[in-house]
Amino acid sequence: MELSQKEARHIYQRAGFGVSYSWLQSKIGLTAAEVFQEIKHNSSAVQETNAIGLSDRVSGPYPKGLSTAEQNDYRVARANSFVKVNLTWLRSMFTSKSDLREKMTIFWHDHFAFIAKNPYLCQDLLNTIRKDALGDFRSLLTNVSKHPAMLEFLDNQRNNRDAPNENFAREFLELFTLGIGNYSEADIKEAARAFTGWKYKFDGSWQYYFDHKTHDDEPKTFLGEIGQFTGDDIINITLNHRATAKHLVTKVYLFLVSDEPDEDRIDELADKFYQSSYDIESLLDDIFMSEWFYSDEIIGSKIKSQMEYLVGLGRLLRIECPQDYPLVVMQQYVGQHLLNPPNVGGWPSGRELINSSSLFFRMKLPQVILDEGVEDKRFDFLGSDDSDDFYYKIRGSADLSNIYLEFSDLPLESALKELRVYILGQEGERIAASKIESGWFKSEGDIFVEYLKELLQLPEYQLC
Amino acid sequence: MKVNRRKFIQTTSVLGSSVLVPGFLAQLTNCTTPQRSRVAHDINKLVVIQLSGGNDGLNSLVPYQNDLYYEKRPKIAIKKSKVLAANDEYGFSPQLASFKKLYDDGLLSVINGVGYPNPDRSHFRSMDIWHTGGDSNHHVSTGWIGRYLDAKCNDQINPHEAVQMSTMLSRVMNGEQMNGLALADPFNYHNTVPQMVNADWINNTPGPADNSNLGFLYKTAQNGYASLDYLKSLSKHYTSSIDYPPTVLGNELKGIAQLINAGNNSSVYYASHTGFDTHATQINSISWPMKVFNGGINSFVKDLRSTGALDSTLILVFSEFGRRVEENASGGTDHGTANCVFLIGNQLNRAGIYNDIPDLSDLDNGDLKYSIDFRQVYGTILDKWLKVDSEVVLKQKFEHLQFI
């Protein structure tokens, strides 16, 4: 099946964060398989986030014997390192080609939501997730579960035979694998016993190790099975249950396909995912090669997730913020401060992202950027100049030269029409055209920028 | 690289005839009516403060004469000598000195043993249950405050009737037809409105009126715009001079106080505070969240008292569950069940310690047994304070309590 412009645009919106107009034009007429194959190929190499190194001052355990002043200094250095990790990742996405991998890394880092106390471990767990993001879920689950940052965050370091701590086991079953309703409180307790002994240590580098002394090796009864289970056994048993496949596939469907789950499609995908032994790449193939994926019901109907909006806009307008804090604030306003989930359940999604405050922010940001931040000027948005103020100004600049280039060969009317379709998709083009006819669009000065500004403020721009 | 943009620069304005279509009022539900002027101090206001993570009630209101309490918590129990005694049996954690003061002033009612049947110890599920007011085996998709808005719609109501001080709107604020308004920065709100969203656009824009995502986006923009002028006019009326802890909660409470004191006619406000999930080294980890909470409440009540607004304001503080009675091996506590709830105001019928904590010798698998269903608290507030039929909102009648 040859892709129309609408379908090609759709694949790139969902498999990544959108692509340039000229790139998109060059893919029309290819098949979905060809395009998706190329997308996967561009994501085959794994580009790690390398904001801080192991020998960095804040990468090891919290130093002992510091004076109060030294402790404050250390905490500031540590906080700055966290910002570095976060922004190195965000900024890399503005220019990366590895879109599918980064998209799925965002997905899995929400699924395995964690808050790290150590910035190096934060970066390392992010890289661990990225490595398996398009691969084998069993490997991803095991590596994430055994990561020092996760063991620390969910208190498994303190889960011992004599005094089990259930936090890790609970979230493992509720969030990582089976999902609510598929296990009992008793199963949590038994799983916690099985996970005793899973610890981490630092001896020059951070590593997982199995602590026999604190492991409870008595028999446990878990999901109806009895045995002297270890954590690895718990992983096997939960993966053997189809409920795990369904739970995972439901989340992937909501993330990539639609805010409305479709039971039949999800069941079919989950069956295949289970049969494939939880191979993430095959799941993605199944989704992107399904006919229903290209239906009118699906194309252009999903509310853009936080990063679909922010990275998408960042790439489109080539946003640059020389200072760090504005980019952090922008993440908070769109509702996803990467690597800083509000709680273990991850970040909100779908309609939860849209209320008058957040929607106005999403609509206003491009307006401010285009009003003030082009032609070597700088845009300023919100907050005050007082650095103590909780709401910090968002300042930066945008560069429209590429986007001008892409459309400058066309006569004005065609350029504007092509721009409409490119920015809003086919459905949006219809709406925008009718608004122009009804006199909604007023323009003076640079008509291209004014027009772009109005398009980016339309509610239609919030869909993909 | 400079691009030749001359062809794009024009001075023509593309102005056509404005097409009059029914304004946003038609596109919103028939539940909204134009704001009638109501004076803020005439309206009974509810401020809900959510402590996320499961606040340890037993270490907040301490049964300092109870041997079992000390037996079960050798490391983390609050020492008798440190407790701020309220009466012969109970006292406050030393970190909650403001609460002790409120108690002494007759402005605090502590209701103990609040929970629900078949308690769920998952953060999400239990918070969901408190948000929706549903039974623990039901999944309800609307929140109790959202349904309060639905129920109130035949009376005077405005699009900002219920305000949440955040950029995210929680499920508690979603009704069948009405939603609360998320306001991160109320007095700066007018600065956040996109240039394109003006009366002209609102009235002429042919956005869909259905329940598609696009319809939802248009409706949200329209609702946000509807409150704009009103909120902007309020900003001239009051600026707080009270110091609040410079934190998320501090900012949220300050925002609420400013709105209330400026005369805003919303009847419900919602704020939240995190950090209460103390699985390990509880004594350390609870310290900062408590400090912020204590300081925030202190400033907030002071602020409301300064204008007399406290006379018509009731504050409810809750958490999604308490914690297990026995401490764990990490110097912390695991998720529990029944917990205490705080009510603050100067219209309380029964201030003080409302009832006893559940029996520490008669536990449910290590957890406190509830004696008061949290929907009784909601129902009492809905009927007696917000003057809306609680049975409509909660789908059941729950026995009233006597705190108001």
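User: Why is strand β6 of chain B called mostly covered?

Analyst: Eight of the eight residues in β6(B), residues 108–115, are buried. Buried means under 20% relative accessible area, exposed means over 50%, and partly exposed lies in between (1.4 Å probe, protein chains only). This is a predicted model, in which local features need pLDDT of at least 70, side-chain atom pairs count only at pLDDT 80 or more, and totals for chains, interfaces and linings use all residues. Residues are numbered from 1 along each chain as written, chains are lettered from A and ligands numbered from 1 in written order, and side-chain values use heavy atoms, without hydrogens or water.

User: How do you know that β6(B) pairs with β11 of chain B?

Analyst: Count the bridges. Five of them join β6(B) to β11(B), residues 339–344, in the antiparallel sense. Pairing requires that DSSP finds at least two bridges between two strands, so this pair qualifies. Across it, B:Leu108 stands opposite B:Ile344. Strands here are DSSP runs of E, at least two residues long; helices are runs of H or I, at least four; both are numbered from the N terminus.

User: Which other strands does β6(B) pair with, and in what sense?

Analyst: β12(B), residues 352–353, runs parallel to β6(B), with two bridges. There, B:Ser109 has B:Gly352 as its bridge partner. β13(B), residues 372–373, also runs parallel to β6(B), again over two bridges. B:Val114 stands opposite B:Ile372. Strands of a sheet pair through backbone hydrogen bonds, either parallel or antiparallel.

User: Is B:Asp88 buried or exposed?

Analyst: Exposed, because its relative accessible area is 64%. B:Asp88 sits in the loop between β4 and β5 of chain B. Beyond its neighbours within four places in sequence, B:Asp88 touches B:Tyr64 and B:Gln65. Contact means heavy atoms within 4.5 Å. From B:Asp88 to B:Val163, 75 residues apart along the chain, the C-alpha atoms are separated by 40 Å.

User: Why does A:Thr177 get its burial label?

Analyst: A:Thr177 has a relative accessible area of 0%, so it is buried. This residue lies in the loop between α9 (167–176) and α10 (185–195) of chain A. Setting aside neighbours within four places in sequence, the contacts of A:Thr177 are A:Leu141, A:Phe172, A:Thr238, A:Thr244 and A:His247.

User: What makes α9 and α11 of chain B roughly parallel?

Analyst: Helix α9(B), residues 248–261, packs against α11(B), residues 287–306, at about 10°, with the axes 9 Å apart. Angles under 35 degrees count as roughly parallel, over 145 as roughly antiparallel, 65 to 115 as roughly perpendicular, and the rest as oblique. Hence α9(B) is roughly parallel to α11(B). Axes are lines fitted to C-alpha atoms, for helices over the stretch in contact, and angles run from 0 to 180 degrees between N-to-C directions.

User: Which kinds of residue make that contact between α9(B) and α11(B)?

Analyst: Ten are nonpolar, two polar and one charged. Nonpolar covers Ala, Val, Leu, Ile, Met, Phe, Trp, Tyr, Cys and Pro; charged covers Asp, Glu, Lys and Arg; the others, Gly among them, are polar. Among the residues that meet are B:Leu253 and B:Ile256 in α9(B), and B:Phe293 and B:Phe300 in α11(B).

User: How do you know the relation between α15 and α17 of chain A?

Analyst: The axes of α15(A), residues 306–316, and α17(A), residues 356–372, come within 12 Å and cross at roughly 5°. These two helices are therefore roughly parallel. A:Gln306, A:Tyr309 and A:Leu313 of α15(A) meet residues of α17(A) including A:Phe361, A:Arg362 and A:Leu365. The contact has six nonpolar residues, one polar and one charged.

User: What links β1 and β2 of chain A?

Analyst: Five bridges join β1(A), residues 198–202, to β2(A), residues 206–210, and the two run antiparallel. A:Trp198 stands opposite A:Phe210. The two strands form a hairpin with three residues between them, and A:Gly204 in the turn has a positive phi of about 95°.
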